[in-house]
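Let's take a walk through this model together.

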Amino acid sequence: MLKRRIPLMLTLVLGIAMMIQFFIPHRYSQVIYDTSIEWYRIAYSFAFILGLSSFITHHWRKIRHKKEGWHYSPVALGAMIVMTVVGLIGLTPGMNWLPVNWQGQQVSVFTYLFRNFYNNMMVPLGATMFSVLAFYIASAAYRSFRAKSLISILLLSAAFVVMLSIIFYNVLPLGDIGEWVLSVPNMAAKRGIFLGASLAGIATSLKIILGIERGYLGGTK
Amino acid sequence: MKFWERLGSIDRRIIYLVLAVLVIVPLIATVKLPSKVRAMPRTKDIFDHVEAIDPNGQRKAMILSVDFDPQVEPELKPQMEAMVRHAFARDIPLIVLAMASIQGTDIGNEIVLRLAREHNKVYGKDYVLLGWKPGLVAVVLGLGNFIEQVFPTDYFGNRLSELPMMQDITNYNDVGLVGNFTGSSSYGYWVIYGYNEFGVPVAAGVTSVSVADLYPYLGSKQLIGMLAGMKGAAEYERLVKDRYYPNIDIELLGPNAFKVTVDEQTYDADDDDVTNLAHRFKLNEANLRQILEKENRFEKALPLLEFLDATPYTRQLIVEDIGKRFLEVKIEKQELPVDRAEMLMLADFYSVSASIIDTILRVEVQGLLKEVLGAKLQIQTADVTDLVIEEKVSEIMDKEFSIIFHQTPLLDTIADTLILEPSSEEKARQNLEQALKEVIRVSYPEAEISDSLAREVLSTELNDILKVKSKGRKRETEVSVERDIFLRGTQALPALSAALIVIIVFVIIGNVSFFVTRRRKK
Amino acid sequence: MNLPFSTDWWVWIAAICTLAMFSILYRDNPIYRVAEHIFVGLALGYGLSITWHQALWPIALRPLFVEGQLILIIPFCIGLLFFTRIIPKLSWLVRIPIALALGWGSGVSIPRVFRASIFHQMKASLVRPEMFEGSVWPGIWAIILLLGILATLSYFFFSRKEKGPLTPVSKVGIVFIMIGFGATFGLTVMSRISLLIGRVQFLLRDWLYIIPK
């Protein structure tokens, strides 16, 4: 019982305190607010543990139970460990262990590896990962983008107008039509959705503070 | 009938292949980049805003927040490069940080460090890399109170208080613009907690995916502008290039005639135009406008003025002595063997500091000295080394000199060659005298030669040679400067258009086939 | 010697990584799988290094242990509670930092989101008389904009099955929403293609020198 009540109480007290703070432009209120910002960042620096622990558990379980594709898990774990080691050592200020010459400078081999793992492996891998979607979206558009009903005709024509306005932006009317679609009907829809979402967001925040929304506690007991 | 059905079931690999070809071919085939890219108003708004941040008034900084993962790097990197170039070209102090995406931190750093080398910017003075800090809302709110509270140290672990640039930059009050490059919706944090809380202007560079979602904020002016994907990057690149990186040719046609080509436009200019404009760094713009307007030449000179306005930040000038009176000047990648007069002209154009001119003069006077002594000793100039000079000093000292000291004509000639305005003439005089003394001190360490005698010896000879030189200046010369910047986004535009067209065509084919076959089945 | 391609072996590694990722287009294969897992591992390792050097050390550990700002022991201990996630018996304690973060975040965001996203947005949607000065079009667009916003909102709040007086309005709402989604779709296509072009630019320019460097 306590395990649930304490977090709920903390959320309630802190949530209401921060809301009240907004409306009190007093010096002490400002000090509390500044301190809270600083403390929040300090405490939050540890949040990486959540991601790290689930990453390790996920791959560890895969290896232990020899789940499908488990041989890739050591690759992921290995890459993580290597990168962490070269990063932790290589980013230390003034680090000069095992110096190598790189881009006209003497840097530690750890810094050298860290920079190159990042620039020449992580970035190209990540960047290519999404660029493959260009092919999928082309194929999917061809296969399933059908003007079957009024609604899908609207969707399709808006997409075409926007795409054509990008291609022929220098041809005056087309560019301006595209801009009009984006800044009048599109803006109306997006602002409507946006207002709805903001209201919903505020409602969720209130629910969290008041302890009605308690999904973050985990479980449904 | 079979035809239509087949048209509706093209193998996905064929689609992939067509798309790949239509992306690759335009990239290879586009030798000349599209010279005109019409900027969307959203892009122009950001450009104009950055143009209005005055580096000379209250020195306001620009914060660039790198909030994207490597996954969307191809779209956002060109945008960021263009904005960093703009900030560097305008001498705006640049602060780069990351908050919403930890993985993008070093993409931003790589861009800024590379472009800083290109622009000769100094870390800590012209730009600062702050790295990443956790906390999103807490970061944006915290920066509004005190930047150092959020980032006590920079990316490299230096204390912020030790960086000269950060001395006058405390919080958003000293920030002219926050540029947020993001593949998510982190611009929302900057708007809600940055703009609406502290009033700091915010601009967003986003992937095309989220372009349509930004319009509510654009419409309400909570965002001052937006760079929309690669197209937005291309537009901004073009705006920055046209303003700050023109390709220029300066042709010296005769004693008092220049042809200046800025990009594709050609302007006639005379000595006065060029020198006046070159010295605009000492005049304020209103003065210059007055002078030029009086002579009815403003129309003609204005583009040149704009050009000169733009260039001094961006060029790298390396001067090397390559023997005799010739100097080799490297402007970026171009190597130009030039003589003294041309060098000084370049120095004027590129606003080279007085100390460099001084060095150049010194090098040249040393060369002249060797030449003069060589003539006196009747040996080949090329053989005159410092050692030979030293050995023969006493020999020279024994000879009688019947040379009259002509200081004034000499200095006039120098001033003429220097193309300096009157106020600088005195400085040139001092520089040269100092250089002479230095040469004498270095070249005759043991000889007891009085300054005045040495000057007497040298100046007359110098005078003659300079006269010849100043005639030489009038021969035809062409100086050409190419700006070699890679316009990533602009280069991508033809391929982007081709790929979009092919997708539109495929969707149309799919629909036509679908409706034809459905009707037939009915 | 001038070879017609890059001689920097890191560029070759980058090119191989790029091609390994593209190999998924043919079909799912071990090379792609390995590349994908390397990326995930590197990304996490990178994140950890940056977290240590940019966050944990300079803003939490150094001020507390080196500079002796003892008061910071409080947020530090709250942060340490994240570690209880790993200990099954104490794992409920991880709720405390999460609860505090959510409470703080909600409390801070409610008034500010209201001001920025609701008040400002509504104010910007109003039709004002000066919009009709000069040309009438800005005013007309503003009216359409306002009607569109109202219709979209009504679609979300009143599109229940049972018919009400606002049902036709919400039907107008769907027109606007579809145009909005269509625009987003068109832009998404453009986005993905831009990403592809970026990678092709790398291969052709930095690796193969086909586009002059």
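**Two helices side by side, and beyond**

In chain B, H6(B) and H8(B) are roughly parallel to each other, a label given to angles under 35 degrees, while over 145 counts as roughly antiparallel, 65 to 115 as roughly perpendicular and the rest as oblique. Before going on, note that this is a predicted model, where local features need pLDDT of at least 70, side-chain atom pairs count only at pLDDT 80 or more, and totals for chains, interfaces and linings use all residues. Residues are numbered from 1 along each chain as its sequence is written, and chains are lettered from A, with ligands numbered from 1, in the order in which they are written.

Back to our pair. Two packed helices are described by the angle between their axes and the distance between the axes. Helix H6 (residues 137-145) of chain B and helix H8 (residues 187-198) of chain B have axes that cross at roughly 25° and come within 9 Å. Axes here are lines fitted to C-alpha atoms, for helices over the stretch in contact, and the angles run from 0 to 180 degrees between N-to-C directions. Helices (H or I, at least four residues) and strands (E, at least two) are DSSP runs, numbered from the N terminus.

On the H6(B) side, the contact is made by Val137(B), Val140(B), Leu141(B) and Gly144(B), and among the H8(B) residues are Tyr189(B), Trp190(B) and Phe198(B). Two residues are in contact if their C-beta atoms, placed from the backbone, lie within 7 Å. By class, this contact has 7 nonpolar, 2 polar and 1 charged residues. Ala, Val, Leu, Ile, Met, Phe, Trp, Tyr, Cys and Pro count as nonpolar, Asp, Glu, Lys and Arg as charged, and the others, Gly among them, as polar.

H6(B) also meets a helix from chain A. H2(A) and H6(B) pack at an angle of about 135°, with their axes 10 Å apart. That makes H2(A) oblique to H6(B), and their crossing is left-handed. Asp34(A), Ile37(A), Tyr40(A) and Arg41(A) meet Ala138(B), Leu141(B), Gly142(B) and Asn145(B).

Now zoom out to all of chain B, which has 20 helices and 13 strands.

Finally, look at chain C itself, which is divided into domain 1 (1-68) and domain 2 (134-213), bounds that come from an automatic or database domain assignment. Their centres, taken over C-alpha atoms, are 34 Å apart. Between them, 6 residues of domain 1 are in contact with 7 residues of domain 2.

Technical notes: A crossing is left-handed if the near helix is turned anticlockwise from the far one by less than a right angle, and right-handed if clockwise.
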